[in-house]
Structure formats: C-alpha cells, structure tokens
Amino acid sequence: MRKLAVVFAVILAVTMLGTASAANTVTINLDTLNASGVSGTAVLTDMGGGQTQVVVTVTGEPAGGSEPDHIHVGQCG
C-alpha cells in the first residue's frame with residue numbers, strides 16, 4: 001500500500017510540474033515607429049486566476065532615454 005502511495009505522489013508531482021511549465025505565452029514584436037530606431041518585444045504570460053504577466057524588452061533606445069511602458073484598454077484604430 002505504501003508503494004502505491006509513493007507512485008501516486010510521483011505521478012501527481014510530475015503532472016503538476018508539467019502544468020506549471022506549460023503556461024500560455026504570447027510574444028508580440030514591437031516594430032520601429034516613425035524611424036525612431038526603437039523596437040523590441042512584449043511577452044504576455046497567463047499566470048492563472050485572471051492575471052497576466054507582461055515583460056517588455058526595448059532595444060535601440062537613446063542613451064539616457066526613458067520610455068515608460070503602458071497598456072491601453074481597447075483596440076487600435
């Protein structure tokens with residue numbers, strides 16, 4: 001009986017690890033606009049419970065520049 005419980009625990013642990021590593025992730029390319037030379041990516045990951053993690057990576061930003069990230073509700077024109 002103890003052996004069966006250990007096997008069940010191992011199967012449960014592997015299943016949970018597989019679920020955690022199979023998060024739904026979408027990567028969006030952020031293209032240069034108005035010849036700014038700034039581009040990058042935004043990676044959106046479903047964290048469950050209605051939560052989404054957003055990681056923005058920007059390249060080509062001028063030295064000392066500051067491009068605050070922000071998200072608008074709705075659709076682009």
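The following paragraphs describe the fold of a predicted model, from its elements to its surface. Local features in this model need pLDDT of at least 70, side-chain atom pairs count only at pLDDT 80 or more, and totals for chains, interfaces and linings use all residues. Residues are numbered from 1 along each chain as its sequence is written, and side-chain values use heavy atoms, with hydrogens and water left out.

The protein contains one helix and three strands, arranged α-β-β-β from the N terminus on. Helices (H or I, at least four residues) and strands (E, at least two) are DSSP runs, numbered from the N terminus.

The three strands form an open sheet in the order β1-β2-β3, with antiparallel pairing; two strands pair if DSSP finds at least two bridges between them. At the edges lie β1 (25–30) and β3, each of which pairs on one side only. From one strand to the next, the twist averages 15°, given that axes are lines fitted to C-alpha atoms and angles run from 0 to 180 degrees between N-to-C directions.

Strands β2 (residues 39–48) and β3 (residues 51–59) run antiparallel and are joined by nine bridges. Within this pairing, G40 has V58 in β3 as its bridge partner. The two strands form a hairpin with two residues between them, and G49 in the turn has a positive phi of about 60°.

Of the 77 residues of the protein, 5% count as buried, that is, under 20% relative accessible area with a 1.4 Å probe, protein chains only. The accessible surface, from the Shrake-Rupley method with a 1.4 Å probe, comes to about 6,700 Å², and 61% of this belongs to carbon and sulfur atoms. Among contacts (heavy atoms within 4.5 Å) with a separation of 6 or more, 3% are accounted for by residues 24 or more positions apart.

Technical notes: Buried < 20%, exposed > 50% of the residue type's maximum accessible area, 1.4 Å probe, protein only.
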